[in-house]
Amino acid sequence: MEERITGVMIYYYFVCKRKLWYFCHEINMESGNEDVQLGKILDETSYGRSEKHIQINGEINIDFIKEHRELHEIKKSKSIEQAGIWQVKYYLYYLKKRGVDGLKAKIDYPLLKENVMVELSKDDETQLQFVIEDIVKMKKEKRPPIMKKTKLCSKCAYRDLCLI
């Protein structure tokens with residue numbers, strides 16, 4: 001049976017592997033985090049006319065899809081842009097594996113009034129296969145990876161847990 005890998009897991013993989021481990025082990029610290037709440041409000045109030053939050057198999061949650069087969073992900077800022085790009089590439093990869101090909105993707109930054117086009121290459125598919133395998137291994141670990149302090153730690157919802 002194929003392991004369930006979500007878009008959030010891919011995102012966390014590129015943000016912080018320790019955060020990913022906590023998430024995979026159902027330790028959720030984000031419900032009260034101010035930055036997470038601001039992101040949710042931005043998501044709810046942006047692009048009001050679009051049908052939003054398209055859940056597929058409980059694994060990916062596409063913010064919205066526009067005509068011309070273009071999926072969109074809404075992000076608050078570019079501070080962790082690469083993680084968002086890989087999350088969207090995973091959405092394209094996931095759908096391609098299930099027979100939905102030829103999609104375009106875009107990350108929207110409403111507060112910045114910018115967007116970034118995202119494409120999936122063969123090299124990206126190879127990289128995602130490695131990432132998925134690594135996440136599967138990490139989910140089986142009994143302890144979280146060693147903390148690697150970065151500038152992102154100061155605003156992370158898991159900060160207090162990591163510092164204990």
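Predicted model: local features only at pLDDT ≥ 70, side-chain atom pairs only at ≥ 80, totals over all residues.
## Rings, charges and a buried strand

**Charge over a ring**
- K89 lies over the face of W86, at 4.7 Å from the ring centre.

**Aromatic pairs**
- There are eight aromatic pairs in the structure.
- One of them is edge-to-face: Y13 and F14 have ring centres 5.3 Å apart and planes at 75°.
- Y13 counts as buried because its relative accessibility is 7%, while F14, at 27%, counts as partly exposed.
- Y22 and Y158 are stacked instead, with 5.5 Å from centre to centre and 5° between the planes.
- Y22 belongs to helix α2 and Y158 to the loop between α5 and α6, so this pair ties together parts that are 136 residues apart in sequence.
- Both partners are tucked away: Y22 is buried at 5% relative accessibility, and Y158 is buried at 1%.
- Y11, Y12 and F23 make up one aromatic cluster.

**Strand β3 and its partners**
- Five of the five residues in β3 (residues 70-74) are buried.
- E70, H72 and I74 point one way from the strand, and L71 and E73 point the other way.
- β3 pairs with β2 (residues 60-66) in the antiparallel sense over three bridges, and K66 has E70 as its bridge partner.
- With β4 (residues 104-109), β3 runs parallel, joined by five bridges.
- Between β3 and β4 the chain passes through helix α4 (residues 81-97), making a right-handed β-α-β crossover.

Note on methods. Residues numbered from 1 in each chain as written. Heavy atoms only, no water. Buried < 20%, exposed > 50% of the residue type's maximum accessible area, 1.4 Å probe, protein only. Helix = DSSP H or I, 4+ residues; strand = E, 2+ residues; numbered from the N terminus. Pairing = 2+ DSSP bridges. Right-handed = clockwise from strand over helix to strand, strands pointing away. Phe/Tyr/Trp six-rings, centres within 6.5 Å; stacked < 30°, edge-to-face > 60°. Lys NZ or Arg CZ within 6 Å of the ring centre and 35° of its normal.
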